[in-house]
Amino acid sequence: SLSVYNATTQIIISQFLIDDTAMLTLFITVIVLNLHHILYGLSLVRHIPMMLWQKSAAAFPLTDFAYGMTAINPENMNLPFLLGIEISVFLAWNIYTGLALLFEPLLQNLAGLHVDFIVPLSFFLLLVSSIKTRIDLAVVVFSGLLAGTCYLLGINNVTILIVGIVGPFIGVALSAIQSFNSSVKLKTISW
């Protein structure tokens, strides 16, 4: 947890190691699964002025949650807020990981409590709260349909990878189309 700071990546690495998956496959999968963090970073540096050392300090602890909480409100788009969220989540993540390791024998029966829906539910709530435009809604609906299609086709093990790659590209494509249509309308009006 101190060096691989991403739940999905930790799960994928664990499963791939258990399944004795080739290291190259593991490496490529981890890289692709985390590409969205590069997009998060590019988005944040457009709104938060940072020097190189500040970008480096903010890059490692950047998570979906930290990005979402920072980007959801323009007042939060500043380095102290971003670093505060990142450090708080990093500390909590590692403290609770340590406690889980310490009390692992007591936690073995968590499956019986049926709390495995909490992580997807928290991501869903964060997602719903960040839907602000029709494009956001379209990407969410498309990604949900794509995930459902992957499930129906029985390709569950790469669903996150597929939706994680295709969803953002759909958002970029729709934004580009909207931008193009807006510029065409402006040119038409100016004539």
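These legends accompany several close-up views of a predicted model.

Local features here need pLDDT of at least 70 and side-chain atom pairs count only at pLDDT 80 or more, while totals for chains, interfaces and linings use all residues. Residues are numbered from 1 along each chain as its sequence is written, and side-chain values use heavy atoms, with hydrogens and water left out.

View 1. The protein chain holds ten helices and zero strands. Both kinds of element are DSSP runs numbered from the N terminus (helices: H or I, at least four residues; strands: E, at least two). Of the 191 residues, 22% count as buried. Buried stands for under 20% relative accessible area, exposed for over 50%, and partly exposed for anything in between, with a 1.4 Å probe and protein chains only.

**View 2. The second largest pocket.** This pocket has a volume of about 420 Å³. Among the 22 residues that line the pocket, Asn34, His37, Ala59, Phe60 and Leu62 are the closest to its centre. Which elements give two or more residues to the lining? They are α1 (7-18), α3 (35-47), α4 (52-59) and α6. Helix α3 gives the most, with six residues. By residue type, the lining divides into 14 nonpolar, six polar and two charged.

A note on the terms: a pocket is found on a 1 Å grid over the protein atoms alone, as an open set of points where a 1.4 Å probe fits, with protein on both sides within 12 Å along at least five of seven lines; lining residues have an atom within 4 Å of a point. The volume is the space filled by probe spheres set on the points, which are joined across faces, edges and corners. Ala, Val, Leu, Ile, Met, Phe, Trp, Tyr, Cys and Pro count as nonpolar, Asp, Glu, Lys and Arg as charged, and the others, Gly among them, as polar.

View 3. The axes of α1 and α2 (23-33) come within 10 Å and cross at roughly 165°. That makes the two helices roughly antiparallel. Axes are lines fitted to C-alpha atoms, for helices over the stretch in contact, and angles run from 0 to 180 degrees between N-to-C directions. Under 35 degrees counts as roughly parallel, over 145 as roughly antiparallel, 65 to 115 as roughly perpendicular and the rest as oblique. The crossing of α1 and α2 is right-handed; that term applies if the near helix is turned clockwise from the far one by less than a right angle, and left-handed if anticlockwise.

Look for Asp20 in the loop between α1 and α2. Is Asp20 buried or exposed? Asp20 is exposed, with a relative accessible area of 68%. Asp20 also has a positive phi of about 55°, although it is not a glycine. Most residues other than glycine have a negative phi.

View 4. The axes of α3 and α5 (residues 64-71) cross at roughly 25° and come within 11 Å. This angle makes α3 roughly parallel to α5, and α3 passes α5 in a left-handed crossing. Met77 sits in the loop between α5 and α6. Met77 is buried, at a relative accessible area of 18%. Between Met77 and Leu44, 33 residues apart in sequence, the C-alpha to C-alpha distance is 7.7 Å.

View 5. Helices α4 and α6 pack at an angle of about 30°, their axes 10 Å apart. They are therefore roughly parallel, and their crossing is left-handed. Trp93 belongs to helix α6 (residues 79-102). With 27% relative accessibility, Trp93 counts as partly exposed. Asn6 is 87 residues from Trp93 in sequence, yet 9.7 Å away in space, C-alpha to C-alpha.

View 6. Ile131 is found in the loop between α8 (118-129) and α9 (134-153). Ile131 is partly exposed, with a relative accessible area of 30%. Ser143 lies in helix α9 and is buried, with a relative accessible area of 15%. Ser143 and Ile165 are 22 residues apart in sequence and 9.9 Å apart in space, C-alpha to C-alpha.
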